[in-house]
Amino acid sequence: LYCPATRSLFSIQLPYLGRKIATSETLYLSKTFFNGALIQCLKARTRALQIIDIFVFGISNEVPPTTKYRIMNSSNVEKDLKQFLSPRTITQMPGDGQQFPKLIDNRNLIYLPVRLNCDVTVMCRKDVLTDCPMVLDCLNMDISYALYVLPKSVHGLVKRTRVWVNKSFQYGFCNNPTLVDYSTAHHEVGWLIWCLDKVEKTRSVEIYNCFEYLKSRKHWNGPGLILHEFCHLIHQFALPNGLDNSNVKRLHKRAKECGIYTSVLRRDWAKRNVERDLAYATVNHKEFFAEMSVSYLADFYHHLNSATIGDGMDACCPPLYDSQWLGQDNHTDPNFSTLPHCNKFFPFTRGQFLNFDKVSYSGVSALWDVIGAWIDDETDAYDADSGLCYQNPTVKSHADVKPKLIEFDNYMDETVSL
């Protein structure tokens, strides 16, 4: 592997890249990568399982010319390796006289802070304020709604979480950029370092395209989209062991293997020839928690509780977000002039979730009991202003929350205990 910044070669034994690298291929990486970012990231995580040997040759003056790093593998290490060493960064070695392709540097982008009435700070690019100011009113309504359905224990976490809003966003090579238009939660700093983005975005929510957000949110009947992203951070901070919570992983494993999530209805495919797809909750345990939490928190549309996938979209789908529904007492929530939220994928609501998958429902319900009892010590929280990450807030036991034990059918060795 070749580092153009130092004109050095190094080799990595890497079984997690997704495919073998041919002998003639060269992996090009940015200078930021070589300034110890990955090495520090990996050295900080020395937990169990199998060993990865990394041999580094002449990365920079700060690293000895030949160094061997022995790192214990974990799910986080594997994730970081995939992010830093993505197959999309593989290119052909430039010939004589050619230069390494320049990377887009987003670290100096200017964002203007806007404090919403819901007490959340939105960091906006200037073109968002000039070309799409309506997104601020929309976010204020959506976040206010999220606070309404979320337990009070996480209100402080939500209110100190910054939401970064862009009109458009791209990263990667200047001559072949990757354009993104979705919304996401930034859990750790690794990805931000890799794509030369602001590390201050760590542990926050980002909307890469404000217009796409306004368009996509209707599939959750509005607030469900931003609620999904906040659930990712609630998973990280309010559950024991955060994103490594074993109960979430076991529930996801069981849900994925039981087969009922392989073909479910999705609202953004309504009226198409094909209205079913693999549930997004099966992607990984983090998406499982966020997806099923949005359904669990949607304790509305009770007249649809008994509807099943087999009944079809018209029979089980909450009314699609449209101005014609606003203000109708039989569908709107009295606290907001909008439709109550639902999930984009079936099960759309809490009642449907209970009837569709009682095991997952019981598990998610137990997890939210723990979240409801969480004591948020803000002094241990992430300090977004300084960019420093302190010890995660801890979950302190609550006398009113009893441990719950869930036995999976045909999974006698797989239990969820809280």
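# Briefing: salt bridges, helix packing and backbone

Glu 188 is partly exposed, with a relative accessible area of 28%. (Buried means under 20% relative accessible area, exposed means over 50%, and partly exposed lies in between, with a 1.4 Å probe and protein chains only.) This is a predicted model, in which local features need pLDDT of at least 70 and side-chain atom pairs count only at pLDDT 80 or more, while totals for chains, interfaces and linings use all residues. Residues are numbered from 1 along each chain as its sequence is written, and side-chain values use heavy atoms, with hydrogens and water left out. The structure holds 16 salt bridges. Each is a side-chain nitrogen of Lys or Arg within 4 Å of a carboxyl oxygen of Asp or Glu.

**Salt bridges**

- Glu 188 pairs with Arg 203 in a salt bridge, and their closest N and O atoms are 3.4 Å apart. Glu 188 sits in the loop between β13 (183-186) and α6 (190-194), and Arg 203 in the loop between α6 and β14 (204-207), so the pair ties together parts that are 15 residues apart in sequence. Helices (H or I, at least four residues) and strands (E, at least two) are DSSP runs, numbered from the N terminus. Arg 203 is buried, at a relative accessible area of 10%.
- Asp 142 forms a salt bridge with Arg 217, and the closest N and O atoms are 2.6 Å apart. This pair links distant parts of the chain, 75 residues apart: Asp 142 belongs to helix α4 (residues 134-149), and Arg 217 to the loop between α7 (210-216) and α8 (224-238). Asp 142 is buried, with a relative accessible area of 0%. Arg 217 is buried too, at 5%.
- The side chains of Asp 376 and Arg 160 form a salt bridge, 2.9 Å from N to O. The pair links distant parts of the chain, 216 residues apart: Asp 376 is in the loop between α13 and β17 (405-408), and Arg 160 is in the loop between α5 (155-159) and β10 (163-165). Asp 376 counts as buried, at 19% relative accessibility. Arg 160 counts as partly exposed, at 25%.
- A network of salt bridges links Arg 266, Asp 268, Asp 277 and Lys 344.

**Packing of α9 and α13**

- Helix α9 (residues 246-258) packs with helix α13 (residues 358-372) at an angle of about 165 degrees, and the axes are 10 Å apart. That makes α9 roughly antiparallel to α13.
- Axes are lines fitted to C-alpha atoms, for helices over the stretch in contact, and angles run from 0 to 180 degrees between N-to-C directions. Angles under 35 degrees count as roughly parallel, over 145 as roughly antiparallel, 65 to 115 as roughly perpendicular, and the rest as oblique.
- The crossing of α9 past α13 is left-handed. (Left-handed means that the near helix is turned anticlockwise from the far one by less than a right angle; right-handed means clockwise.)
- From α9, Asn 247, Val 248, Leu 251, Arg 254 and Ala 255 meet Val 359, Ser 360, Gly 363, Val 364 and Leu 367 of α13. By class, this contact of α9 with α13 has six nonpolar, three polar and one charged residues. (Ala, Val, Leu, Ile, Met, Phe, Trp, Tyr, Cys and Pro count as nonpolar, Asp, Glu, Lys and Arg as charged, and the others, Gly among them, as polar.)

**Packing of α8 and α10**

- α8 and helix α10 (residues 285-297) pack at about 125 degrees, with their axes 9 Å apart. The two helices, α8 and α10, are therefore oblique to each other.
- α8 passes α10 in a right-handed crossing. On the α8 side, the contact residues include Leu 227, His 228 and Cys 231, and on the α10 side they include Phe 289, Ala 290 and Val 294. The residues of the contact of α8 with α10 divide into six nonpolar, six polar and three charged.

**Ala 298**

- Ala 298 lies in the loop between α10 and α11 (313-316). Ala 298 counts as buried, at 0% relative accessibility.
- Ala 298 and Pro 340 are 42 residues apart in sequence, and 7.4 Å apart in space, C-alpha to C-alpha.
- Neighbours within four places in sequence aside, Ala 298 is in contact (heavy atoms within 4.5 Å) with His 341, Cys 342, Phe 348, Thr 349 and Arg 350.

**Backbone geometry**

- The peptide bond from Phe 346 to Pro 347 is cis, with omega near 0 degrees. Pro 347 is in the loop between α11 and α12 (350-356).
- Leu 196 is not a glycine, yet has a positive phi of about 55 degrees. Leu 196 sits in the loop between α6 and β14, and is buried at a relative accessible area of 6%.
- Asn 221 has a phi near 55 degrees, a positive value in a residue other than glycine. Asn 221 is found in the loop between α7 and α8, and is buried at a relative accessible area of 0%.
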